[in-house]
Amino acid sequence: MKNLELFIPLITPLDKKNNIDYFSLEKLILYINNLKYINYIILFSNFSEYSFITNNEIIDIINCIKNNNNNIKIILKINNIYNYNDIEEKLSQNIYNNINYIIIDYPNINNIYKEEIINNFNKIFNKFKYLFFIINIKNNIDDNILLKIKNKNNNFIGIINNYLITNYELINKIKIFINNDIKLFLNNKIFNNIDGIISPLLNILFNFIYNKIIIKINNNQYIEYDEKYYKFIELINILYNKINPISGIKYLLNIINICKIYIKLPCNNIENINLYKKIKKIYNLINY
């Protein structure tokens with residue numbers, strides 16, 4: 001029996017002046033609290049509009065979560081890093097003091113520097129005693145390099161990627177998480193070789209995903225491909241291929257009175273009102 005771990009990337013509610021809407025943020029946290037099987041909240045993923053969030057706002061968001069649920073595991077993703085000095089500098093800041101889990105988005109360095117990659121990760125993981133996940137969705141780091149890093153660092157606990165790892169020694173030593181809704185839900189076989197999923201859709205379709213998919217996978221049962229499932233796939237296609245998915249997810253959160261649809265530039269709101277109507281219709285069909 002599997003026990004897939006569920007990671008929910010937190011959306012950042014905004015008001016009409018594009019400031020963080022803390023009232024809506026608290027409602028969102030309380031809403032997530034009621035989703036009993038969420039294992040982690042990820043802060044400042046690509047769905048958070050993180051580039052506009054200040055250090056003080058990071059602290060405020062963390063405090064808002066802890067004040068409403070001190071038991072939930074918070075993973076903080078480090079953004080805007082271009083080299084290992086950036087990672088070290090950011091982790092030395094006080095804003096990370098109350099965080100146990102860190103996601104490192106790997107700087108774009110070619111595998112030709114593999115010894116440098118290994119040495120720098122070893123240095124960071126030895127200096128800082130967080131529990132670390134490495135994002136490798138662009139497959140920048142060879143599996144053998146990841147294995148060497150893991151062999152030296154017990155606090156390197158997870159890999160987040162968009163592809164299946166084939167190095168079985170690495171699979172047996174570390175947890176693998178997939179961060180791609182299209183690959184996840186269009187190819188259910190991928191669930192057999194991973195330890196968990198990271199999906200912004202958990203913000204809006206948790207009950208459907210958990211009851212229709214996760215329970216089946218955990219119990220080694222077949223997923224039923226009925227009308228609702230195909231509508232779910234249609235919704236994924238609209239969100240990721242026809243509109244900005246942040247807009248779509250905030251729109252659906254607005255339907256259930258969690259937050260407004262405001263997003264910051266360069267993200268764009270949904271311009272085609274027919275797409276609003278279509279995703280609302282699909283959402284209602286799936287949930288009822």
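Author: Contact means heavy atoms within 4.5 Å of each other. Keep in mind that this model is predicted.

Reader: What covers the buried residues of α10?

Author: Helix α10 spans residues 245-255 and is mostly covered. Its buried residues include P245, I249 and L253. The cover over them includes α1 (22-33), α8, α9 (227-241) and α11.

Reader: How many of the eleven residues of α10 are buried?

Author: Buried means under 20% relative accessible area. Among the residues of α10 that pass are I246, K250 and Y251. The count for the helix is nine.

Reader: Which residue has a side-chain oxygen within reach of the backbone nitrogen of I246?

Author: Look at the start of α10. There, a side-chain oxygen comes to within 2.8 Å of the backbone nitrogen of I246. That oxygen belongs to N244.

Reader: Which residue with a positive phi follows α10?

Author: Go past the end of α10.

Reader: At roughly what angle do the axes of α8 and α11 cross?

Author: Two packed helices are described by the angle and the distance between their axes. Here, α8 covers residues 202-218 and α11 covers residues 273-287. Their axes come within 10 Å. They cross at roughly 35 degrees.

Reader: Is the crossing of α8 and α11 left-handed or right-handed?

Author: The helices meet through I204, L205 and F208 in α8, with Y283, I286 and N287 in α11. By class, that contact has five nonpolar residues, one polar and no charged. The way α8 passes α11 is left-handed.

Reader: Is α3 roughly parallel or roughly antiparallel to α4?

Author: The axes of α3 (84-91) and α4 (114-127) come within 11 Å and cross at roughly 5 degrees. Angles under 35 degrees count as roughly parallel. So α3 and α4 are roughly parallel.

Reader: How many charged residues does the contact of α3 with α4 have?

Author: From α3 come Y84, I87, E88 and L91. They meet residues of α4, including F121, K123 and K127. Sorted by class, the contact has six nonpolar residues, one polar, and charged residues numbering three.

Reader: Is N153 buried or exposed?

Author: N153 sits in the loop between α5 (143-152) and β6 (156-161). Away from its neighbours in sequence, N153 touches N122, F125 and N126. Its relative accessible area is 1%. The cut-off is 20%, so N153 counts as buried.

Reader: Which backbone oxygen does the side chain of N153 reach?

Author: The side chain of N153 makes this approach at 2.8 Å.

Technical notes
Residues numbered from 1 in each chain as written. Predicted model: local features only at pLDDT ≥ 70, side-chain atom pairs only at ≥ 80, totals over all residues. Heavy atoms only, no water. Axes fitted to C-alpha atoms, helices over the stretch in contact; angles between N-to-C directions. Helix = DSSP H or I, 4+ residues; strand = E, 2+ residues; numbered from the N terminus. Left-handed = near helix turned anticlockwise from the far one by under 90°. Nonpolar A, V, L, I, M, F, W, Y, C, P; charged D, E, K, R; others polar. Parallel < 35°, antiparallel > 145°, perpendicular 65-115°, else oblique. Buried < 20%, exposed > 50% of the residue type's maximum accessible area, 1.4 Å probe, protein only. Polar contact = N/O pair within 3.5 Å; in protein donor to acceptor, adjacent residues only side chain to side chain. Lists of a residue's contacts leave out its neighbours within four places in sequence.
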